[in-house]
Structures are given as C-alpha cells and as structure tokens.
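The report below is meant for a reader who is meeting this structure for the first time.

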Amino acid sequence: MSGGPLLRVRGVHRRFGTGPTAVHALRDVSFDVAAGTMVALVGRSGSGKTTLLNVVGGLDRPDEGTVVIDGTDVTALDEDGLSRLRRAGVAYVFQTFGLIPVLSAAENVGAPLRLTRVPARERERRVALLLELVGLAEHARQRPGELSGGQQQRVAIARALAASPRLLIADEPTGQLDHETGMSVMALLRGVVESEGVTALVSTHDAVMMALADRVIRISDGRIEGPAGERVGAAC
Amino acid sequence: MRGLGWWRARRRWRPPVPHWPSIRGRARADTGPLVLAAAVVAAVSLLAGAAPPLLRAAADDAVRDAVRRAGGDADVLARGNWEPDDGPTGGRVRAPRLAEDLDDLRARAVNELDPALRAALRPPVALVTSDILKVTDGSVLRTFQLAYFADDRGPGSGPHVTWIAGGPPRAAVPDAAAPAPYDGPPWPVQVGLSEADAEALRLRPGDRIPVQDARRTVKDVRVSGIFRATDDADPAWRLAPWLLHPVVGADGVGSTRLAGLLSPDSLPDARLAFDDGQFRRTVRFAPEPGALTWESGRAVGAAVVALKAASGSSGALDTSLRWETRIDAVLRDVRVRVDAASAQASVLLIAIVAAGVLILLLAADLLVHRRVPALVAARQRGATLPDVGVELLLESAAVALPAAVAGLVVARAVTPGAAWGWALPIVVAAAVAGPAFGVLAAARATRDWRVPANRTPRRRARHTGQLRRATAEAGVVIAAVAALVALHQRGILPAVAGDPAADQAGGVRLQASAPTLGVLAGALVLLRLLPFGTRLTLRRSLRSRRPLAVFGAARAAATAARVLPPLVMLVATALACFALTLDSTARQGLVDGAWRAVGADARLDVAPAGVPATAALARRVAAAPGVRQAVPAQLTDGVRIAAAATDVAPRLVIVDAAEYRRLLAATPLPDAPQLDRLTATADGDLPALVRSHDGSLRPGMRLELLRTGAPPVHLAAVGTAPAVGGAVDVVLVDAAAATAAGVLPAFNTVWVTGPGAARAAAENGAAARVVLRPDVLRASRAAPLTAGLLRLALVSAVALLALGLLGLALGAAATAPERWQTLARLRTLGLRPRDARWVAAGELLPAVALAAAAGPALGLLLAHLTLGPLALRLLTGQATDPAPVPPWWHLGLLPVALLAAVAVVVPVESRLRRGRRPGEVLRAGEGLPDAVLGRRSLP
Ligand SMILES: Nc1ncnc2c1ncn2[C@@H]1O[C@H](COP(=O)(O)OP(=O)(O)OP(=O)(O)O)[C@@H](O)[C@H]1O
Ligand SMILES: [Mg+2]
C-alpha cells in the first residue's frame with residue numbers, strides 16, 4: 001500500500017438516538033491520513049472527536065460511510081474480523097490509560113502479545129524493548145497503582161505499540177495529565193511515530209500539542225472544518 | 001483548612017432537609033434493586049413470621065399427641081379412704097349406700113380440680129378395686145381382683161353388660177343389721193364374671209371362686225352370673241381389662257390376672273369382705289387430648305403440680321383425697337421435645353435471617369455502587385451528609401417496612417398467626433444498610449483522594465479499613481467460639497422451659513446461633529485466603545500460554561478484595577448444607593428410631609388370650625413366603641428385679657438368644673454379640689444381659705427376678721443387653737435357659753423380618769396387634785413436631801440456596817460494570833467477544849468455586865460440631881443423639897447449582913450488553929475515577 005493513504009474515511013455519519021432528541025455526532029466526515037504521519041484531531045468538547053475515533057478504530061459503527069485502513073474496509077468487518085484487525089493493525093491509547101490494575105507494567109505491555117500467542121521469550125524481549133523506548137525500564141515490575149499518571153500513560157503507549165500496529169488511535173491521551181507531563185507524553189508519541197513508523201491519529205484540546213503534529217484536522221459539531229476538506233486529495 | 005470547615009459546619013448546623021425530587025429520581029432510576037430488596041425482605045419476613053406460629057400449632061398437636069399416646073399413664077387419679085364403718089358396739093357395719101358414697105367422692109374430686117385442669121379432663125369414673133387375690137386351684141399362678149365402676153351416669157353406671165347366665169351380683173346378706181365381727185368368717189360377696197374369665201376358671205353361676213389373699217385368708221366370693229360386654233371398646237374397660245378376659249403378665253412373669261365385676265348391691269359386701277387397706281376406691285379422670293393446647297398444657301401441668309403438693313399423704317387416715325397422676329411427667333416430656341424442636345427451629349431461622357441480612361447488605365452495597373455519581377451530584381448541589389442519609393433512610397424505610405408488613409400479612413393469612421420478632425433484624429438491615437453505605441460512599445467520594453500528594457492519608461485510610469475489618473472478624477470468631485462452647489456446655493434446651501413462640505420473639509439464645517456464627521466465622525477466615533488463592537492462580541496463569549487464563553485470573557484477583565459477595569455465597573451454601581444435613585440426619589434418625597421401636601420389619605403384639613399359641617403363630621409366620629425370620633419373645637414391662645441394694649423395674653425380654661442375635665445381625669439394629677453368653681449357665685444362675693439408664697443394672701451383678709407367689713429366680717448379669725424397643729432398662733434372658741430355670745416364657749411378641757413380613761403378619765395376626773415398621777416410620781414422620789421441623793429444614797435449605805444464588809447474581813451485578821469495562825479494553829487489544837465471556841466466567845469462578853467447595857465442607861464441619869447438642873434424639877426416638885448423616889447426593893447439587901448459575905449469569909450479562917459497542921462501554925466508565933467507586937488497587 002505504499003504511496004496511498006493508510007486511512008481513508010469517506011462520508012461517515014453517526015447519529016445517536018432518533019426523533020427530535022437525536023444527536024448528529026458526525027456529519028459527512030471524509031478525510032485521508034498518509035502513512036507514517038501524526039495527525040491531531042482538534043475540537044471543542046462534544047464536537048465528536050471520540051465518536052470519530054471510535055468509528056475509525058471499529059469500536060463503533062457509522063450509520064453511513066466507510067473507513068478503510070490499509071486497504072481493509074473496517075465498516076464491513078464482523079466482530080472476529082475487527083478482533084483480528086485490533087490484534088495487528090490498530091491500537092488504542094485512552095485518556096484513562098485502561099491498564100489492568102493487578103498486572104505489572106511489563107505484564108500490561110505484554111498483554112496484546114499474549115493474545116497473538118507470541119512465544120514467551122520473544123514477548124519478554126519485545127516488552128523490555130518497548131519499556132526502554134518509553135523510558136520505564138526501571139519500573140517494569142511496578143503495578144499501575146504504583147505509577148504516576150504520566151508513567152501509566154507511557155505504559156499504555158508501550159502496550160499499544162506491542163503488536164506493531166500500523167495505526168495508533170489516541171483519544172486525549174494527555175487529558176488526565178498536567179501540562180508538562182502531557183507534553184512529554186505527546187513528545188513520546190511523536191517519537192514513536194518517527195522510530196516505529198506508525199501512523200497516529202490523536203485527539204486533543206491543547207493547542208501546544210498540535211504543534212507536534214504533522215497535520216491538524218479540526219472538527220466542530222460533527223463536521224470537518226475548513227481546509228481539511230481541501231487537503232483530502234493533497235495529503236495523498 | 002479541613003478542621004475549620006468542619007467547625008463552621010458545626011456552627012451552621014441545621015436539621016437535615018430531604019430533597020424530594022432527588023429521592024423520587026433515584027428511586028425511579030433504581031427500581032430494580034429496590035424491588036429486589038423488597039422481595040427479599042418480604043420473603044424472609046414471611047418465612048420468619050410464619051415459622052413460630054406453625055411451631056406453636058405443632059406444639060399444640062404434640063401435647064395432644066403425647067397425652068393420647070400416654071393412655072392410662074396420663075390419667076389423673078384421686079384416692080380417698082373409706083369412711084370408718086366400725087359399729088358403736090364393735091364389729092363392722094354394712095353400709096348399704098356405699099355406691100352413693102362413691103358418687104359423692106367423685107363429685108368431691110371434681111370440685112377439687114382447678115378449672116383449667118377440669119377443662120382438660122373427661123368426666124371421671126369412680127373405681128373400686130380389691131387387693132390382688134391368688135386363685136388357689138391348679139399349679140399356674142393366677143390372680144383375681146374384684147372391681148366396681150361408676151361414672152357420672154349414676155350408681156352402677158359402669159360400661160353396659162348383658163347377662164348371659166345368672167344375673168347381676170346382689171347383696172349376699174340382704175338385710176344385715178348386725179355388725180360383722182372383726183374376726184368372723186369371711187363375708188360373702190357376689191361378683192359377675194365375663195365369659196372369658198368364667199371359661200378360664202371353669203365356673204358357673206352359683207360357684208365359689210377359690211381365692212385367698214396374700215395373708216392366705218380365704219375369701220368367700222361367688223359367681224352371680226356371666227356377662228358379655230355390650231361394647232368391648234368402652235374406654236372404661238381399659239381401667240380393668242382383666243374383667244373382660246384373663247391378662248397375662250399383669251402380676252409378674254408367668255401370672256395371669258382375672259377379675260369379678262361388682263354391682264352397687266354387692267359393693268357393701270365386698271367392703272366387709274376385705275380390710276380397709278385391701279379395698280380401695282379411686283376416682284379416675286382421663287384427659288381429653290382435644291381440649292389441650294400448648295398453653296393449656298402448661299396450665300394443666302402447673303395445676304397438677306399444685307394439686308399433688310396440696311394432696312394428703314398416702315398414710316393419712318382421713319377421707320381427704322390424695323392425687324396421683326403421671327400427666328405432669330408426660331407434659332414435661334413433651335415440653336422438653338417442644339423446647340428441643342423450637343431450639344432446632346430457631347437454629348434454622350437464625351441461619352435464614354443471617355443469610356437474609358447478608359443479602360440485604362450486598363444489595364445495599366450494589367445500590368450505592370450504582371449511585372455514587374448521583375450522590376456526588378447531590379453533595380455538589382449542597383446536600384450535607386445528614387441530608388443524604390435522611391433521604392436514603394426515607395427511601396429504604398419506604399421499601400423495607402411495607403415489604404415486611406406484606407410478608408407478615410401473608411404469613412398471617414396462611415398460618416395461625418405471625419411473629420414479627422424474627423423479621424426485625426431483616427427490616428433493620430434493609431432500612432439502615434443503604435443509608436449507612438450511601439453516607440460512607442458520599443463522604444469518601446467528596447473527600448478528594450485523587451491528588452497524588454495525598455498518598456499518605458490514603459494509606460492511612462486503607463490501614464484503618466483493614467483494622468476495622470480485622471476487628472469485626474475477630475468479634476465474629478470470638479462470638480462463634482463462645483456460642484459453640486455454650487452449646488456444648490449447656491446444650492440447646494433451656495434451663496427453664498419456655499413458650500415456643502415467646503422464645504422466638506424474645507431472647508434468641510446464644511446456643512441456637514452457634515451454627516450460623518460458626519459458619520460466618522469459618523467463612524470470614526476462608527475469605528482471608530481467597531486473595532492469596534487468586535494471586536497464586538494469577539501468578540501461575542502468567543506462566544501459562546493461555547491468554548484467557550491470565551485475564552480471567554487478573555480480574556478475579558482484582559475483585560477478590562470484595563468480601564461481601566463471596567461471603568454471602570459461602571455462608572448461604574454452608575448453611576444450606578447444614579440444613580440439609582440436619583434434615584437427612586433427622587430422617588435417618590427416624591428410620592433408626594422406627595427400627596428400634598418395632599424391632600423388625602413387623603411385630604405382632606399378641607393379645608393376652610393368644611399368648612399360649614404365640615410359638616405356633618411364629619412358626620406359621622416364619623413359613624410364609626418372603627419371611628426371613630419370625631422370632632417369638634416375651635416382653636414384660638416393669639418386672640421387679642432386686643439388684644444390689646435397690647429394686648428396679650426393667651423390661652424383661654425372654655427370647656431365643658441365637659435367633660435374636662441373627663435377627664439383630666440381619667437388620668440395621670445394633671448387633672449384640674454378648675447374646676452368645678446367655679446359653680452358658682453360670683453357677684446355676686440364669687444368665688442375663690442387662691441394660692439400665694442409670695447404671696443400677698451392670699454386667700457382673702447378681703440379680704433376683706421377684707415373682708408373686710413363687711420363689712425369686714437368681715440371675716447373673718453376664719453382659720450388656722441391646723435396647724429392646726423404647727425401653728431404657730432391660731433384662732434379657734434366653735428362652736431355653738429360662739425354661740430350665742423354671743421361668744416359663746409366655747411369648748407375647750413376634751418379630752418378623754423379610755420382604756413379606758408385613759403381609760405374613762397381617763394374614764396370621766388375627767389374634768395380635770400388627771405393628772409394621774413402615775407404619776411406625778410414617779407415623780413418626782407425621783408427628784407434629786417432627787414433620788414441622790423436617791419441613792422447616794427443607795424450606796430453609798431451599799431458601800438458603802436461593803439466597804446464595806441471589807448473592808452470586810448480586811455480586812456479579814455489582815462488579816459487572818467494571819468487568820465489562822475491562823473486557824471492552826481487552827477487546828481493543830483484540831480479544832474476541834466469545835473469549836470475553838470466558839474471561840468473565842474466569843473472574844466469577846474463584847469465589848464461586850470457593851463457595852461450592854468450601855461451603856458444603858464448612859456446613860458439614862458445623863453439623864459435626866453442633867448437631868450432637870441439638871438433641872435430635874428427642875424427635876427421632878433414637879437411644880442417643882445421632883451422628884450427622886451427610887446427604888451426599890443433595891450436597892453434590894449445591895456446587896452444581898452454583899456453577900450452573902455462573903453458566904447462566906455470564907451469557908445473560910453478555911447478552912444485556914450485546915447491543916453496546918466497546919466504544920460505548922468504554923465511554924460509560926469515563927469520568928468516574930476508581931477512588932470515587934471505592935475500588936482499591938491491590939497493594
Ligand atoms: N451514546 C451516546 N448517546 C447519545 N449521544 C451521544 C452518545 N455518545 C456521544 N454522544 C453525543 O455525541 C456528541 C459528540 O460526543 P463526543 O464524545 O464524540 O465528543 P468529544 O469531542 O469527544 O468531547 P470531549 O472533548 O468532551 O471528549 C456529544 O454531543 C455527545 O453528547
Ligand atoms: Mg471525547
């Protein structure tokens with residue numbers, strides 16, 4: 001798929017509820033993301049960022065439109081297909097970290113590798129490498145409760161990278177962190193896009209963090225704003 | 001800062017103000033859990049409210065049943081001396097109006113009765129009997145008695161008879177004006193004989209009966225006529241059955257008693273024929289069982305005790321009445337059994353109430369879990385903690401009180417009453433748990449724990465929590481130990497007999513709560529081990545190659561810190577197992593008790609007339625198809641045995657020792673190998689096996705079997721006798737050895753074993769009363785107290801199992817949001833939906849497995865520790881308190897039910913979330929940090 005966009009979103013609509021109380025969270029959203037770039041998704045609260053990221057990652061289904069990741073039409077996949085996609089193609093980082101509290105940092109990072117039944121030796125090697133990458137080699141045996149928020153998010157990023165995904169989706173990864181820690185997490189994301197060659201789609205409120213992105217997509221009231229539409233072709 | 005705020009809050013104290021819209025809104029949002037709590041309150045109130053009145057009704061029935069079974073033993077007797085009949089010039093004057101005097105005595109006796117006692121007794125019968133005379137013809141020991149009845153139908157109004165030869169007795173000396181000299185010839189007296197007695201004596205009207213008294217003074221008794229009873233079954237005859245036919249064994253081994261009936265005309269003659277001490281009058285009141293209740297039984301018992309205390313001594317010479325009865329003992333026995341049954345019932349009720357309280361705590365916990373956001377919102381709105389508490393209290397009271405009232409109203413409708421005492425803890429738990437948990441959660445949520453710098457107070461809070469938990473656990477363990485010790489030292493029966501219903505409502509005794517407290521303590525200890533177990537499993541699964549095991553174990557380890565759900569499951573399962581074991585032990589005990597009561601599959605109690613043919617009867621029965629054994633025996637109660645320094649009155653059993661031993665060996669009755677010792681003679685003494693409740697008969701003793709009119713028989717006690725029937729004191733000798741020693745057995749019993757026993761007994765038992773073991777078993781199962789307790793045990797087991805399953809469901813519901821949130825996160829890592837179900841099951845399984853494995857074990861342990869002192873023997877009729885009989889088959893169902901419930905809960909949970917995509921599930925959990933939810937990550 002070299003040359004083409006890694007992610008292609010076309011005419012996505014998502015409504016919640018019916019009748020007069022229906023919320024039109026996404027309206028005709030279309031955009032492409034080129035492989036190996038880091039794209040920031042920006043918008044006010046309630047503008048539809050989370051909804052869009054969920055639809056893109058297959059955690060939610062659009063009412064209309066298609067999402068194609070690396071040639072795979074995500075919207076056409078059944079549950080098993082989506083599971084397979086998540087094991088290898090798409091990884092998530094959440095605002096609330098989403099780590100398993102009773103497992104150590106290393107075990108959390110290794111969790112996706114267990115699902116893909118990577119042999120223990122190889123798993124351990126990869127976990128060590130990733131923890132090194134996010135700067136937590138010393139904290140491998142600590143549990144999430146014993147780590148700071150920023151450290152927890154770094155573990156979450158390491159976990160997301162474990163299965164070598166092509167697309168990394170992060171929904172406000174710095175939302176629960178103070179500015180400085182947030183910056184370092186954002187910088188880490190920027191770094192892994194570079195070093196691991198992954199494509200990242202990151203939502204954020206923070207203007208400073210946008211500076212780290214290759215490109216910014218603005219969303220407002222469920223619509224992609226202004227120049228984003230023009231760039232659909234240009235980004236290819 | 002915090003201190004100041006608190007001070008200001010104190011200054012601005014105002015009474016709590018409930019915010020009605022919040023209350024309504026919350027109730028509407030959580031209708032499900034509230035309805036569930038109401039249902040639990042109603043169900044437990046129904047059970048706990050209905051059981052005491054049912055028990056009271058069973059106690060009423062038990063009193064009636066016991067008095068009915070006691071028969072003549074429960075009669076109330078008044079003895080009164082005769083008015084002196086010494087003439088003014090010496091000698092005794094014939095009193096022609098003696099029958100009227102007797103009616104006066106009867107009226108006097110009625111007047112002396114306490115109204116409560118009188119109401120419980122049938123109209124009295126006045127009875128006059130002579131000393132036992134000896135019939136002087138022939139070699140066999142035969143005895144004779146003169147008897148006269150008068151009930152309140154007027155003089156001479158005994159049971160009706162028809163004279164088939166001769167006529168009723170008349171005055172022997174029609175107009176005896178002259179006094180009878182003290183040392184004159186025997187005064188003549190006429191009696192009527194029944195056909196059977198006349199035939200046995202070979203006498204006709206006009207014949208003289210050859211009798212003499214113990215001092216060998218000859219009496220002049222003549223037959224006036226021969227009668228036939230109009231109604232053999234008239235209860236009056238049971239006072240002197242020998243009037244109707246010869247009765248074997250009434251005066252000791254080998255004796256036969258006969259009797260002559262007096263009339264109002266011959267009664268004065270009879271008096272002159274005997275010395276005053278030889279001729280006695282009594283007024284007998286048979287109890288009216290139908291008129292008795294538990295309550296009136298107590299009044300009757302008290303009245304009888306008072307009557308006996310006020311009654312003259314038997315040595316008194318005046319004509320005052322001396323009262324005798326064993327009805328007080330009968331009532332005392334039944335009271336002991338009622339006390340035992342009510343204590344056993346309260347054991348079960350405590351178990352149900354405790355499990356119900358735990359369920360309500362769990363339900364309250366679940367509700368509060370769901371409500372944290374709403375409570376936080378209420379706090380932000382400006383509600384103080386007391387406001388929140390009062391709002392929650394109003395709500396929970398509005399749920400608990402009507403539910404309890406509904407339960408009690410239903411109880412009232414289906415039973416003779418409803419006791420609210422047992423429902424009280426349930427109502428209190430339902431009303432208070434929710435507000436208490438809610439206020440705690442609101443306080444915790446609004447204290448800011450999210451600031452990382454606040455780690456120290458967080459740790460301190462955790463330590464305080466752990467300390468609190470350890471203290472509570474230690475309290476429960478100490479209470480359990482105290483209850484177990486009290487149970488073993490004092491037993492389950494109260495020192496002073498109490499009212500079964502009042503007892504339930506009032507002070508619930510420590511002893512009765514021993515099983516529940518024991519289970520609770522054991523469960524708490526086991527739950528301490530659960531986190532270690534889950535962590536161990538997690539560590540092992542981390543080394544395994546199965547990812548699902550890792551995630552299941554990780555979730556299980558995360559929820560293992562929650563005590564309440566597994567506690568409810570474990571306690572309910574253990575108590576259900578206890579109730580099932582109680583039930584099966586009692587049932588097995590009844591089977592054993594029926595074996596003990598009958599002594600075989602069937603027993604023939606041969607009527608006195610049939611005794612000579614008993615051996616032939618036994619041979620006939622033995623030859624019938626399907627009969628394994630038919631063993632004839634003589635069972636005589638109350639024989640006189642002179643032992644060491646005392647006389648005892650045990651049951652004498654004469655039976656072929658070898659045959660009896662085979663019979664015992666072939667039945668579940670305990671074997672008695674010492675029966676072999678009976679055939680070897682010891683120094684010419686008749687070898688005997690002995691058994692006594694108080695050690696007055698011991699192997700190694702030399703005993704004498706006393707006989708009326710015959711020399712005593714020397715016995716050598718060579719071993720311990722088996723318990724024969726319900727007798728506690730037994731002397732057992734071999735039939736052949738007895739014959740050799742001059743004691744001719746009069747077999748009055750045949751024990752029959754084998755599948756055809758019942759049929760053979762029925763076909764051959766015309767002359768005998770046939771007692772079938774299945775009938776006895778059925779009757780004792782249907783006995784009021786037993787049936788009530790068995791029913792309560794089963795209902796408790798089912799209710800406890802249901803509560804356990806409810807605990808599983810509630811516990812699962814409480815953790816479900818977290819669980820599916822985690823599963824949604826795992827799905828973002830690529831976990832397949834069907835695998836998610838396995839992980840969910842893996843999370844629920846450790847606690848369920850603990851309950852399934854340790855619950856029955858704990859229940860059995862407590863059954864072993866506490867069933868003994870529960871005095872089940874009082875209900876089953878066994879000789880000793882039975883050892884627990886675990887109902888393995890049913891116990892196996894408990895774990896199966898729990899595991900099956902997991903297999904239902906997980907798919908249901910997953911189905912409930914089927915429409916929800918992972919994105920939605922993940923979104924639902926946002927904004928509620930763990931600290932607010934009260935979740936704690938493991939140290
Ligand atoms: N399950 C749902 N049902 C109804 N409406 C929903 C649902 N999920 C989202 N919405 C609505 O869709 C709109 C977009 O929500 P979304 O969470 O995507 O916004 P957001 O940009 O992520 O906001 P924030 O920055 O606060 O996270 C909102 O108006 C929200 O209320
Ligand atoms: Mg969002």
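## The ligand and its surroundings

A residue is counted as near a molecule if one of its heavy atoms lies within 4 Å of it. The model is a predicted one, and in it ligand 1 lies between chains A and B. The ligand is surrounded by 14 residues, and the closest are A:Ser45, A:Gly46, A:Thr50, A:Thr51 and B:Arg923. Sorted by class, this shell around ligand 1 holds seven polar, four charged and three nonpolar residues.

Several contacts can be followed atom by atom. A polar side-chain atom of A:Thr51 lies 2.6 Å from an oxygen atom of ligand 1, while a polar backbone atom of A:Gly46 is 2.7 Å from an oxygen atom of the ligand. For A:Gly48, a backbone N or O atom lies 3.1 Å from an oxygen atom of ligand 1. Taken alone, ligand 1 exposes 630 Å², and the protein buries 69% of that. The elements that give two or more residues to the shell are β2 (23–34) and α1 (49–57) of chain A, and the largest share, three residues, comes from α1(A).

Most residues other than glycine have a negative phi. A:Asp70 lies in the loop between β4 (64–69) and β5 (72–73) of chain A.

A:Asp221, which is not a glycine, has a positive phi of about 55 degrees, and this residue is found in the loop between β9 (215–220) and β10 (223–224) of chain A. A:Asp221 counts as exposed because its relative accessibility is 52%, and the cut-off for exposed residues is over 50%.

## Pairs of opposite charge

Side chains of opposite charge can pair when their charged atoms come close. Over all chains, the structure holds 52 salt bridges. One of them joins B:Arg92 to B:Asp85, with the closest N and O atoms 3.2 Å apart, and both B:Arg92 and B:Asp85 are buried. Another salt bridge brings together the side chains of B:Asp220 and B:Arg222 at 3.3 Å, N to O; here B:Asp220 counts as buried at 10% relative accessibility, whereas B:Arg222 is partly exposed, with a relative accessible area of 35%.

The side chains of B:Asp601 and B:Arg773 meet in a salt bridge of 2.7 Å, N to O. B:Asp601 lies in the loop between α16 (564–598) and β13 (602–606) of chain B, and B:Arg773 in helix α21 (residues 773–782) of chain B, so the pair ties together parts that are 172 residues apart in sequence. B:Asp601 is buried, with a relative accessible area of 15%, and B:Arg773 is buried too, at 16%. Elsewhere, B:Asp30, B:Arg370, B:Arg371 and B:Glu395 are linked in a network of salt bridges.

## A nonpolar patch on the surface

On the surface, B:Leu393, B:Trp420, B:Leu424, B:Val428 and B:Val432 form a nonpolar patch, which together has about 490 Å² of accessible area. Helix α11 (residues 423–446) of chain B gives the largest share of this patch, three residues.

B:Trp420, another member of the patch, is found in the loop between α10 (385–414) and α11 of chain B. B:Trp420 is exposed, with a relative accessible area of 59%.

Key
Residues numbered from 1 in each chain as written. Chains lettered and ligands numbered in written order. Predicted model: local features only at pLDDT ≥ 70, side-chain atom pairs only at ≥ 80, totals over all residues. Heavy atoms only, no water. Patch = residues over 30% accessible without salt bridge, like charges linked within 9 Å, V, L, I, M, F, W, Y side chains within 5 Å. Areas by Shrake-Rupley, 256 points an atom, 1.4 Å probe, with all protein chains shown as cover. Salt bridge = Lys/Arg side-chain N within 4 Å of Asp/Glu carboxyl O. Helix = DSSP H or I, 4+ residues; strand = E, 2+ residues; numbered from the N terminus. Buried < 20%, exposed > 50% of the residue type's maximum accessible area, 1.4 Å probe, protein only. Polar contact = N/O pair within 3.5 Å; in protein donor to acceptor, adjacent residues only side chain to side chain. Nonpolar A, V, L, I, M, F, W, Y, C, P; charged D, E, K, R; others polar.
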